[in-house]
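Visitor: I'm new to this one. Can you walk me through it?
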Amino acid sequence: MSRIGKKPVSLPSGVSATVSGQSIEVKGPKGTRSFKATDDVTLTVEDNVVKITPRGKSKRARQQWGMSRTMVANLVTGVSEGFKKELEINGVGYRAQMQGNTLRLNLGLSHDVDYLPPEGVTVTAPKQTEILVEGIDEQLVGQVAANIRAWRKPEPYKGKGIKYKDEYIFRKEGKKK
């Protein structure tokens, strides 16, 4: 049995959900998001609570039960609070700055890297060594942060590169004489 799926998703004040068939649409102060569940689960909204129940006892129905509950919970969190990823830049001369909508990165390459974030995600650089990625879609926010980090991943000897704020870089010792 799914332990995640059993817990109902409560809707905070200012957030409303409507179910039509297998799709659910959640509206909140930050925007609107929707999710289409598979035929293995049933979605119901009652008393500001979204409940997901499996149809049958098959393995696939139990898998979809927990996954669907998590997806609905992410929709509610996204439209009420939003998602945020913080990146840190380490290295001499490495910096980030915003030019209009475009993020310009100086990462020790022969050229500057210009990154235009997709619609629905806002990227800001409050300091030259910090990048903030925010949005209401958790998957898209994570993907944008991963794309930015991929330009210069942190290396284990000096720790230079772009890393997540809470990421630990395992440091290696250099050559010995």
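Guide: What follows covers the domains, the contact between them, and some salt bridges. This is a predicted model, in which local features need pLDDT of at least 70, side-chain atom pairs count only at pLDDT 80 or more, and totals for chains, interfaces and linings use all residues. Residues are numbered from 1 along each chain as its sequence is written, and side-chain values use heavy atoms, with hydrogens and water left out.

Visitor: Which domains is the protein divided into?
Guide: Domain 1 (4–81) and domain 2 (83–164), with bounds that come from an automatic or database domain assignment. Their C-alpha centres lie 32 Å apart.

Visitor: How many residues of each are in contact?
Guide: 8 residues of domain 1 are in contact with 4 residues of domain 2, where contact means heavy atoms within 4.5 Å.

Visitor: What area is buried between them?
Guide: About 500 Å², with carbon and sulfur atoms giving 59% of that. Buried area here is the accessible area (1.4 Å probe) that two parts lose on being put together, summed over both. On the domain 1 side, R33, N74 and G78 supply 70% of the area buried against domain 2, more than any other three residues.

Visitor: How many salt bridges are there between the domains?
Guide: The count is 1 salt bridge, meaning a side-chain nitrogen of Lys or Arg within 4 Å of a carboxyl oxygen of Asp or Glu. The side chains of R33 and D137 meet in a salt bridge, at 3.4 Å from N to O.

Visitor: Changing topic, how many salt bridges are in the whole structure?
Guide: A search finds 13. One of them joins E167 and R149, whose closest N and O atoms are 2.7 Å apart. E167 lies in the segment after β13 and R149 in helix α3 (residues 138–149), so this pair ties together parts that are 18 residues apart in sequence. Helices (H or I, at least four residues) and strands (E, at least two) are DSSP runs, numbered from the N terminus.

Visitor: Is that pair buried or exposed?
Guide: R149 is buried, at 16% relative accessible area, and E167 is partly exposed, at 21%. Buried means under 20% relative accessible area, exposed over 50%, and partly exposed in between (1.4 Å probe, protein chains only).

Visitor: Which residues are linked in a network?
Guide: K84, E86, K127, E130 and K165 are linked by salt bridges. Within that group, K165 pairs with E130 at 3.3 Å between the closest N and O atoms. K165 is partly exposed, at 36% relative accessibility.
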